[in-house]
Amino acid sequence: MRSLLRRAGIDVVAYEPRNYPHLRRPLLLRELGIRLVIDGGASDGSWAARLRQEGYSHRILSIEPYSASFAELERRAAGDDGWECRRVALAAAAGSGELHVAGNRQ
């Protein structure tokens with residue numbers, strides 16, 4: 001059956017953590033004892049929110065410089081004492097610069 005499906009361009013894989021990042025991530029966070037996730041370029045916080053949905057309960061630091069995205073990020077993180085948001089940009093050195101924002105803000 002598998003070879004017939006492959007000829008049709010369909011691959012069948014087991015639904016287990018090693019085959020899917022969204023299943024593997026919570027497993028790795030737990031196994032490695034990760035207690036702080038830094039989400040640089042956090043945008044609206046959807047990635048960190050997904051971590052919470054997947055069961056990650058430790059500290060998250062989300063960093064986002066763009067004001068419109070940061071407002072949504074703060075709203076999403078409100079009420080979560082383990083989720084800190086900072087409106088700054090990440091760079092190799094201190095200073096100021098021009099922020100380029102993608103059309104989809106993601």
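What does the accessible surface of the protein come to, and what share of it belongs to carbon and sulfur atoms? I looked that up first: about 7,600 Å², with 52% belonging to carbon and sulfur. The areas come from the Shrake-Rupley method with a 1.4 Å probe, and for residues only the protein chains shown count as cover.

**Ground rules**

I am working on a predicted model, where local features need pLDDT of at least 70 and side-chain atom pairs count only at pLDDT 80 or more, while totals for chains, interfaces and linings use all residues. I number residues from 1 along each chain as its sequence is written, and my side-chain values use heavy atoms, with hydrogens and water left out.

**Fold and overall shape**

I went through the secondary structure and found four helices and three strands. Here helices (H or I, at least four residues) and strands (E, at least two) are DSSP runs, numbered from the N terminus. Reading from the N terminus, I get the order α-α-β-α-β-α-β.

I then checked the radius of gyration, taken over C-alpha atoms, against the globule rule of 2.2 Å times the number of residues to the power 0.38. The protein has 18 Å, whereas a compact globule of 106 residues would have a value near 13 Å. The C-alpha trace spans about 60 × 30 × 25 Å along its principal axes.

Of the 106 residues, 23% are buried. My classes are buried under 20% relative accessible area, exposed over 50%, and partly exposed in between (1.4 Å probe, protein chains only). For contacts (heavy atoms within 4.5 Å), I looked at pairs at least 6 apart in sequence, and 42% of these join residues at least 24 apart.

**Charges**

I counted 16 positive and 13 negative side chains, with the centres of the two sets 7 Å apart. Lys and Arg count as positive and Asp and Glu as negative, while His and the chain ends are not counted. I place each charge at NZ of Lys, CZ of Arg, CG of Asp or CD of Glu.

**The tyrosines**

I searched for aromatic pairs and the structure holds one. Tyr 15 and Tyr 20 have ring centres 5.1 Å apart and planes at 55°, so I log the pair as tilted. The rule takes rings of Phe, Tyr and Trp (its six-membered ring) with centres within 6.5 Å; planes under 30 degrees apart are stacked, over 60 edge-to-face, and the rest tilted. Tyr 15 is exposed at 57% relative accessible area, and Tyr 20 is partly exposed at 25%.

**The loop from β1 to α3**

Which residue has a positive phi although it is not a glycine? That is Ser 43, at about 55°. I find Ser 43 in the loop between β1 (36-40) and α3 (46-53), buried at 5% relative accessibility.

Asp 44 is in the loop between β1 and α3 too, and is buried at 15%.

Is Ser 62 buried or exposed? It is buried, at 0% relative accessibility, and it lies in strand β2 (residues 59-63). Leaving out residues up to four places away in sequence, Ser 62 touches several residues, among them Asp 39, Ala 48, Leu 73 and Trp 83. From Ser 62 to Leu 5, 57 residues apart along the chain, I get 42 Å between C-alpha atoms.

Ala 92 sits in the segment after β3 (83-86) and is exposed at 91%. Its C-alpha is 14 Å from that of Gly 41, which is 51 residues away in sequence.
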